[in-house]
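Here is a short report on one protein chain. Please read it beside the coordinates.

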Amino acid sequence: NNNLKQLKSSNFKNEKELQDLFEHNLEEIFGIKFIASEVQTGEKHGGRIDTLGVDENNSAVIIEYKWGEKDNVINQGLFYLDWLVDHRGDFQILVEKKLGKKVKIDWGQPRLILVASSFNRYDKYAINRMAENIELWTYTFYENGILDVEIEGSSQVSDRKGRRVT
């Protein structure tokens, strides 16, 4: 009826709710096939990777989510990227279990996607100085289940665009 309405921003209850929404919509948001969630990295690395996936180029993808302000998100992501490169066989097994077939993973440049409501200027600058394939994505969650996802920065030249998903 030609009348606009300003949407009110909402918030997730916690990081797990944010993660669940993204994991159920990875292909719509990023074009990534979901492989696994909450992957333990063992004693040496002592952590848990939020989400593993495979992109349209068969590159391995790590996605880490941050709800609220968090420091060291890039360091945490690089820590998990190190684990992934050291455990290619483990990743391949997860891919085969999930997709039910042999997929040749391209290990040339695995992707690290960091998702948060915002990043500081130091994070944006830092990824420009790194050789790894790192992307910073921001989200805004609105009433009525509207999610706005935008790329905030990338260490690689990219034509990726954010998407509005309902």
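## Basis

This is a predicted model, in which local features need pLDDT of at least 70 and side-chain atom pairs count only at pLDDT 80 or more, while totals for chains, interfaces and linings use all residues. Residues are numbered from 1 along each chain as its sequence is written, and side-chain values use heavy atoms, with hydrogens and water left out.

Helices (H or I, at least four residues) and strands (E, at least two) are DSSP runs, numbered from the N terminus. Burial follows relative accessible area: buried is under 20%, exposed is over 50%, and partly exposed is in between (1.4 Å probe, protein chains only).

## Nonpolar cores

A nonpolar core is a set of buried Ala, Val, Leu, Ile, Met, Phe, Trp, Tyr and Cys residues joined through side-chain atoms within 4.5 Å. In soluble globular proteins, nonpolar side chains tend to be buried together. The largest core here has 26 residues. Within this core, Leu52, Ile62, Leu84, Phe91, Ile105 and Leu114 touch the most other members. Two or more residues come from each of strand E1 (33-40), E2, E3, helix H4 (73-86), H5, E4 and E5. Helix H4 gives the most, with six residues.

Take leucine 52 as an example. Contact means heavy atoms within 4.5 Å. Leaving out residues up to four places away in sequence, leucine 52 touches Lys33, Phe34, Ile35, Ala36, Val39, Val61, Ile62, Leu84, Phe91 and Leu94. A second, separate core has 17 residues, including Phe30, Val115, Phe141 and Leu147.

## Aromatic pairs

Rings of Phe, Tyr and Trp (its six-membered ring) pair if their centres lie within 6.5 Å; planes under 30 degrees apart count as stacked, over 60 as edge-to-face and the rest as tilted. The count by this rule is eight aromatic pairs. Why is the pair of phenylalanine 12 and phenylalanine 141 stacked? Their ring centres are 4.5 Å apart and their planes are at 20°, so the pair is stacked. Phenylalanine 12 sits in the segment before helix H1 (15-23), and phenylalanine 141 sits in strand E5 (residues 133-142), 129 residues apart. Both of these residues, phenylalanine 12 and phenylalanine 141, are buried.

Phenylalanine 22 and tyrosine 65 have ring centres 5.7 Å apart and planes at 55°, so this pair is tilted. Phenylalanine 22 belongs to helix H1 and tyrosine 65 to strand E3 (residues 59-66), so the pair ties together parts 43 residues apart in sequence. Phenylalanine 22 is buried at a relative accessible area of 0%. Tyrosine 65 is buried, also with a value of 0%. One aromatic cluster is formed by Phe12, Phe22, Phe30, Tyr65, Trp137, Tyr139 and Phe141.

## Salt bridges

A salt bridge is a side-chain nitrogen of Lys or Arg within 4 Å of a carboxyl oxygen of Asp or Glu. The structure holds seven of them. One joins arginine 111 to aspartate 55 (3.1 Å, N to O). Arginine 111 lies in strand E4 (residues 106-116) and aspartate 55 in the loop between strand E2 (48-54) and E3, so the pair ties together parts 56 residues apart in sequence. Arginine 111 is buried at 1% relative accessibility, and aspartate 55 is buried at 2%. Glutamate 135 also bridges to arginine 111 (2.9 Å, N to O). That pair links strand E5 with strand E4, 24 residues apart. Glutamate 135 is buried, with a relative accessible area of 1%.

Another bridge joins glutamate 152 to lysine 124 (2.9 Å, N to O). Glutamate 152 is in strand E6 (residues 146-154) and lysine 124 in helix H6 (residues 121-128), 28 residues apart. Glutamate 152 is partly exposed at 35% relative accessibility, and lysine 124 is partly exposed at 30%. Shared partners join Asp55, Arg111 and Glu135 into one salt-bridge network.

## Glutamine 92

Where does glutamine 92 lie? Its place is in helix H5 (residues 88-99). Glutamine 92 is buried, with a relative accessible area of 14%. A polar atom of its side chain lies 2.8 Å from the backbone oxygen of valine 103. Leaving aside neighbours within four places in sequence, glutamine 92 is in contact with Lys102, Val103 and Ile105.

How values were computed: Polar contact = N/O pair within 3.5 Å; in protein donor to acceptor, adjacent residues only side chain to side chain.
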